[in-house]
Amino acid sequence: MDAYRRIADRIADDIAAGRLRPGERLPPQRKFARRHGIAASTAERAYGELVRRGLVVGEVGRGTFVRAARTGPAGRALTEPATAAPVNMELNYPSAPGQSELLAPALAPMLRPDVLTEALRPAPAAGTAQAREAVAALLATPGWRPAPDRLLFTGNARQAIAAALASLVRPGGRVGVEELTYPLVKEIAGRLGVRLVPLATDEGGLRAESVAAAHRAAPLSALYVQPTLHNPTSVTTGEVRRRELAEVVTGLDIPVVEDRIWSFLADPAEAADPLAAYAPHLTHVVDGLSKRVAPGLTAGFLVVPAHRVEAVAAAVRSGGWSAGRFALEAGVRWIGDGTVERLVAAKREDAARRQRLVAEHLEGFRVRCDPRAYFAWWELPAAWRADTFTAAAAAHGIAVTPGTAFVVDSKRTPDAVRLGLASAAVPDLDRALRVLAGLALRAPL
């Protein structure tokens, strides 16, 4: 075994045993090398191996720190032990009151043998004619309505992202993304063998000039963006910026994968048109039913440029990402009888109620959020690092997501956490936010 891997294994053992605790800083690489009588390059490779394993995080100008464990801190807790049931603010699955009662009536007719037989047949990537028409109407905005013959279906929105990227980018290709991006896109990119390129953003969203600059440095094969209620920052890109982005990608001929999974929370009368309205020949729109309806019975949607329907459909088939026909049939019925519309209205009210709790308990802190969103991006007080705070929260039975999960450039790790507001019961969320606010006001141990 290489020397650097043996060293990394020893440090990993110290982390697992609690001898190195979450948030603890490792010695500078040169100091570590001198202390252990090894070459500086070996120490550098050992630290790099620990980063690759997800055990530590390196921060430019600050050093290398042990990451927070997913199951809570090892060894001595950073704070008092948890005394309440765990509150998971990493998961983010919205559920409306009475949701099951709303969903059940549309499923009852599907239990007839003749209907069930049809619903259990395999579905092609293009779904069914009824599904295409229903979803085209569901996704329409004031200035955009997708053509039904450009719709494809997958098992969920994550598979839709994977299919779109697989059809656009060869292994080794470069995909531009916002500097904070959806964590599963990093996993998808790793499996496809493509490189994510972080692009600069500001309070208005992705900056068009950063797309052009990255493409000049080395051509981008595609762009993945979340212009509506961006996860984790909740930023929604305005119309002027969307037009600027569309102009840049059109001029450079860069295909776009536009993730609109949270866009249903925007008021329909105020909903921003997707980038597909401005660059229809390049933009692949991703959406789905999981957040609108329920995560357990869902379908992903892909609206693709007319000339790319077959190429993306082939990627769906080869990836094994086709939607289940039962889910499509159920979705069509829920859209048609108004169930989805009622669930969406209820979830908009629910998200607003939960955001009021954030405003109440985290007043005075630096929190980026939107009154319509189911998440908040909390830039922590100066005393706290993201992983240390995550570990301290876990000791109180509260799971939050450290900012490191969203960064693409591992050398730029924000001291922030994302709070997922959707999954916890409202009383639990209320209590958790109160505990977290109190925790943030204290110095870490």
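Which residues line the largest cavity? Ala131, Val135, Phe153, Leu289, Ala299, Phe301, Ala327, Leu328, Gly331, Val332 and Ile335 do.

## The model

This is a predicted model: local features need pLDDT of at least 70, side-chain atom pairs count only at pLDDT 80 or more, and totals for chains, interfaces and linings use all residues. Residues are numbered from 1 along each chain as its sequence is written, and side-chain values use heavy atoms, leaving out hydrogens and water.

## The cavity

On a 1 Å grid over the protein atoms alone, a cavity is a set of points where a 1.4 Å probe fits but cannot get out; lining residues have an atom within 4 Å of a point. The structure holds 2 cavities of 30 Å³ or more.

Helix H12 (325–336) and helix H6 (129–139) each supply at least two lining residues. Helices are DSSP runs (H or I, at least four residues), and so are strands (E, at least two). H12 gives the largest share, 5 residues.

## The sheet

An open sheet of 7 strands has the order E4-E12-E11-E10-E9-E5-E6, with mixed pairing. Two strands pair if DSSP finds at least two bridges between them. The edge strands are E4 (151–154) and E6.

E11 (residues 283–288) and E12 (residues 300–303) run antiparallel, joined by 4 bridges. Here Asp287 stands opposite Phe301. E5 (residues 174–178) and E6 (residues 195–199) pair in the parallel sense over 5 bridges. Val177 of this pair stands opposite Pro198 in E6.

Definitions and conventions. On a 1 Å grid over the protein atoms alone, a cavity is a set of points where a 1.4 Å probe fits but cannot get out, and a pocket is an open set with protein on both sides within 12 Å along at least five of seven lines; lining residues have an atom within 4 Å of a point. Grid points are joined across faces, edges and corners, and a volume is the space filled by probe spheres set on the points.
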